[in-house]
Amino acid sequence: MGEKTLTRMDLSEAVFREVGLSRNESAELVETVLSHMSDALVEGEQVKISSFGTFSVREKAARVGRNPKTGEEVPIQPRRVLTFRPSHLMKDRVAVGNKR
């Protein structure tokens, strides 16, 4: 399995090729979409992308954790974590890709 990472530049280049906007406009469009998604998540909203998946923020309560090396108990503060649930279509597409 390759170590390739899809970057913002890759996304804006794909928009440039597929949509026909200039490279600068394509980069601005990608940045705007990612900014809207980030802002919505910061506000606690879900971001649903049809046929792709749902991003959401979960509140995790405080708890006591354990340092696996020393066994010492350590308090873990309450926090917000980002979660992603892929759609069934995305799960199926990835599963088919694994069989190639």
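Student: Is Glu31 buried, partly exposed or exposed?

Tutor: Glu31 is partly exposed in this predicted model. Its relative accessible area is 36%.

Student: Why does that count as partly exposed and not buried?

Tutor: Buried means under 20% relative accessible area, and exposed means over 50%. Glu31 has 36%, so it falls in between.

Student: Which side chain does Glu31 meet in a salt bridge?

Tutor: Arg8. The N to O distance is 2.5 Å. The pair links distant parts of the chain: Glu31 sits in helix α2 and Arg8 in helix α1, 23 residues apart.

Student: And how accessible is Arg8?

Tutor: Arg8 is partly exposed, at 48% relative accessible area.

Student: How many salt bridges does the count come to?

Tutor: The count comes to 5 salt bridges. Another one of them joins the side chains of Glu59 and Arg80, at 3.5 Å from N to O.

Student: Where do Glu59 and Arg80 lie?

Tutor: Glu59 is in strand β2 and Arg80 is in strand β5, so this pair ties together parts that are 21 residues apart in sequence.

Student: Exposed or buried, that Glu59?

Tutor: Glu59 is exposed, with a relative accessible area of 58%. Arg80 has 43%, so it is classed as partly exposed.

Student: What about Arg66, which residue does it form a salt bridge with?

Tutor: Glu73. The closest N and O atoms are 3.4 Å apart. Arg66 and Glu73 are both exposed.

Student: Switching to strands. In what order do they run in the open sheet?

Tutor: The order is β1-β2-β5, 3 strands with antiparallel pairing. β1 and β5 are the edge strands, and each pairs on one side only. On average, neighbouring strands of this sheet are turned by 25° against each other, direction ignored.

Student: How many bridges join β1 to β2?

Tutor: 3 bridges. β1 covers residues 47-49 and β2 covers residues 53-60. Lys48 has Thr54 in β2 as its bridge partner.

Student: And the hairpin there, which residue takes a positive phi?

Tutor: Ser51, with phi near 65°. The hairpin of β1 and β2 has 3 residues between the strands.

Student: How many bridges join β2 to β5?

Tutor: 8 bridges, again with an antiparallel run. β5 spans residues 79-86. Within that pairing, Arg58 stands opposite Val81 in β5.

Student: Pockets next. What volume does the largest pocket have?

Tutor: About 420 Å³. The lining of the largest pocket has 13 residues.

Student: Which of them lie nearest its centre?

Tutor: Leu6, Leu11, Val30, Val33 and Leu34 lie nearest the centre of the largest pocket.

Student: Which helices supply at least two residues of that lining?

Tutor: α1 (8-19) and α2 (23-42) each do. α2 gives the most, with 5 residues.

Methods. Residues are numbered from 1 along each chain as its sequence is written. This is a predicted model: local features need pLDDT of at least 70, side-chain atom pairs count only at pLDDT 80 or more; totals for chains, interfaces and linings use all residues. Side-chain values use heavy atoms; hydrogens and water are left out. On a 1 Å grid over the protein atoms alone, a cavity is a set of points where a 1.4 Å probe fits but cannot get out, and a pocket is an open set with protein on both sides within 12 Å along at least five of seven lines; lining residues have an atom within 4 Å of a point. Grid points are joined across faces, edges and corners, and a volume is the space filled by probe spheres set on the points. Helices (H or I, at least four residues) and strands (E, at least two) are DSSP runs, numbered from the N terminus. Two strands pair if DSSP finds at least two bridges between them. Axes are lines fitted to C-alpha atoms, for helices over the stretch in contact, and angles run from 0 to 180 degrees between N-to-C directions. A salt bridge is a side-chain nitrogen of Lys or Arg within 4 Å of a carboxyl oxygen of Asp or Glu. Buried means under 20% relative accessible area, exposed over 50%, partly exposed in between (1.4 Å probe, protein chains only).
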